[in-house]
Amino acid sequence: MATTIETYGNKLEELARAQGLDYYPVQFEEVPDSFMMEVAVYGLPVRMPHWSFGVRYIYQLIQHRMGHSRLFEVVFPGNPGRAYLAKGNSLQENTLVVAHVLGHADFSKHNELFRRSQQEVGYRIVDQAASHARQISAAMDEFGQERVEHVLDAALALEAHIDAFKGLSRERYPEYADDKTFNDDTFRSRFHKLPGDERPAQSHEPRKRAPVPAQPEKDLLWFIAQYAPELEGWERDIFLAVREESFYFYPVFACQIMNEGWASYWHARLLREADFIPQNEYLDAIKTHSDVVRPHAADKQASLSINPYHLGFCMWESIMDNLGMQKALEIRAQDDDFSFIRNYLTEELAEELRLFQFKASKDGAVEVVDRDINALRDAILAPKYNFGAPAVTVRHVETDGTLHLVHEAASDGRGLDLARAEKVLDYVHRVWRRPVKLDTVDARGAPRTVTAPSD
């Protein structure tokens with residue numbers, strides 16, 4: 001089978017390039033199903049050791065054994081890209097998977113969010129993550145597993161709290177505030193330009209230190225790495241390693257519907273035009289395609305949740321049919337899921353895909369009860385805001401060193417699990433080593449402050 005899939009793969013690559021796809025080389029490798037599950041849980045083939053990944057692995061294993069999940073492939077963008085294929089895949093499934101991966105490779109090379117992320121993080125994240133894992137294992141040998149795990153507890157609890165739009169490399173805040181009063185004083189400015197003594201005037205006023213942070217700061221990983229009062233070098237390195245990997249994962253999260261839909265559209269199109277694949281194998285591959293992009297769970301006729309493969313696939317089909325290939329390539333390059341859904345999920349397509357709320361009467365008739373397209377778009381996008389995490393910012397560091405955090409509940413639209421918030425603050429307190437407090441609201445919307453150590 002390996003020889004056959006290699007032959008199909010080479011021909012599919014030729015076909016993909018002839019159809020207009022462009023991508024970095026992709027390295028394919030078949031791996032055991034157990035390894036595939038580990039990669040899906042850790043997010044990378046080798047990643048820093050932490051107990052939380054074991055919890056996720058058990059959950060994924062249960063889902064797999066109950067038939068709720070099936071992993072055909074895992075793809076890592078880069079130059080070269082890497083794709084792991086499950087050994088349990090049939091020839092027909094792997095034929096589809098190779099075509100699917102080529103769609104992902106094209107998307108990640110040209111999409112602006114992916115491109116910027118790879119330029120910042122690097123094109124070899126698999127090797128970089130393995131290096132992080134080795135550094136952390138060395139830290140465990142030197143400083144003890146318990147101390148290192150305490151730092152990882154805090155860093156991984158905050159892994160979604162980055163500011164992807166300020167970039168991976170950032171300078172610390174200015175140490176001193178600018179003297180805006182002097183700069184805005186026109187008379188004094190003109191006076192000092194008059195001819196005469198050229199010696200600069202000596203200011204007797206002490207320079208004012210700039211506030212920390214200079215404005216509300218949402219990149220909690222960066223802030224703690226830079227400003228935690230007693231953070232040691234190896235602890236700072238762990239925070240920065242987790243932050244770097246989060247920057248890598250952000251485009252995958254923010255473009256999931258677009259990316260999976262693009263790959264699904266192209267695997268269907270390439271298979272349809274691959275006349276070198278025998279008819280019986282083509283039919284088996286297309287059945288796999290139907291399983292991947294089906295809109296409903298099992299035999300249910302109402303979707304339990306949005307399948308990003310199905311929604312993205314149908315949207316790209318609509319775009320190709322109505323706007324053409326050139327416009328589709330522009331959208332692929334410029335958009336993320338937010339602009340993609342808001343601009344191209346039309347009311348007509350939503351009704352066709354049965355995404356609106358429906359009600360069935362006793363006689364079996366089905367009617368739409370809510371046709372608000374903007375509300376539907378908001379509902380689809382709601383879990384994606386702020387990397388899927390509540391919007392929490394650093395407001396300031398108080399004179400006694402207390403770290404003051406604020407949950408932006410009004411703009412967030414997402415409540416906090418207060419029990420989890422208390423646990424996370426306890427993790428943060430271990431590395432900040434000063435009191436930490438978080439202003440939020442409770443389930444009734446009443447103001448609530450969570451502190452660590454608890455009062």
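## Backbone features in the loops

Arg 433 is found in the loop that runs between α20 (418-432) and β8 (436-441). The model is a predicted one, and in it Arg 433 has a positive phi of about 60° although it is not a glycine. Arg 433 has a relative accessible area of 28%, and it is therefore classed as partly exposed.

A second residue can be described in like terms. Asn 386 lies in the loop between α18 and β6 (392-397). Its phi is positive, at about 55°, although Asn 386 is not a glycine. With a relative accessible area of 23%, Asn 386 is partly exposed.

| Peptide bond | Form | Omega |
|---|---|---|
| Asn 79 to Pro 80 | cis | near 5° |
| Ala 452 to Pro 453 | cis | about -5° |

The places of the two prolines can be given as well. Pro 80 is in the loop between β2 (73-76) and β3 (81-86), while Pro 453 is found in the segment after β9 (447-452).

## Two buried residues

Is Glu 217 buried or exposed? Its relative accessible area is 0%, so Glu 217 is buried. This residue is placed in the loop between α9 (186-191) and α10 (220-227).

The side chain of Glu 217 takes part in polar contacts. One of 2.9 Å joins it to the side chain of Arg 170. The side chain of Glu 217 also reaches the backbone nitrogen of Asp 219, at 2.9 Å.

Once neighbours within four places in sequence are left aside, the residues in contact with Glu 217 are Lys 166, Arg 170, Tyr 173, Trp 222, Phe 223, Val 392, Thr 393 and Val 394. Glu 217 and Asp 163 are 54 residues apart along the chain, and their C-alpha atoms are separated by 8.5 Å.

Ser 264 belongs to helix α12, which covers residues 256-273. Ser 264 counts as buried because its relative accessibility is 0%. Neighbours within four places in sequence aside, Ser 264 is in contact with His 100, His 289, Val 293, Tyr 309 and Phe 313.

Which residues form the contact between α4 and α13? Helix α4 (residues 91-110) packs against helix α13 (residues 279-292) at an angle of about 65°, and their axes are 8 Å apart. On the side of α4, the contact is made by Leu 91, Gln 92, Glu 93 and Leu 96; on the side of α13, it is made by Glu 281, Asp 284, Ala 285, Thr 288 and His 289. These residues divide into three nonpolar, three polar and three charged. The crossing of α4 and α13 is right-handed. His 289, part of this contact on the α13 side, is also among the residues in contact with Ser 264.

Another pair is formed by helix α16 (residues 337-344) and helix α18 (residues 373-381), whose axes come within 10 Å and cross at roughly 160°. That angle is why α16 is described as roughly antiparallel to α18. The crossing of α16 and α18 is right-handed. Here Asp 337, Phe 338, Ile 341 and Arg 342 in α16 meet Arg 377, Asp 378, Ile 380 and Leu 381 in α18. By class, this contact has four nonpolar and four charged residues, with no polar residues.

## The chain as a whole

How many helices and strands does the protein chain have? Its secondary structure comes to 20 helices and nine strands. The protein chain has 455 residues, and 46% of them are buried. Among contacts between residues at least 6 apart in sequence, 72% join residues at least 24 apart.

Notes. Residues numbered from 1 in each chain as written. Predicted model: local features only at pLDDT ≥ 70, side-chain atom pairs only at ≥ 80, totals over all residues. Heavy atoms only, no water. Helix = DSSP H or I, 4+ residues; strand = E, 2+ residues; numbered from the N terminus. Buried < 20%, exposed > 50% of the residue type's maximum accessible area, 1.4 Å probe, protein only. Contact = heavy atoms within 4.5 Å. Polar contact = N/O pair within 3.5 Å; in protein donor to acceptor, adjacent residues only side chain to side chain. Axes fitted to C-alpha atoms, helices over the stretch in contact; angles between N-to-C directions. Left-handed = near helix turned anticlockwise from the far one by under 90°. Nonpolar A, V, L, I, M, F, W, Y, C, P; charged D, E, K, R; others polar. Parallel < 35°, antiparallel > 145°, perpendicular 65-115°, else oblique.
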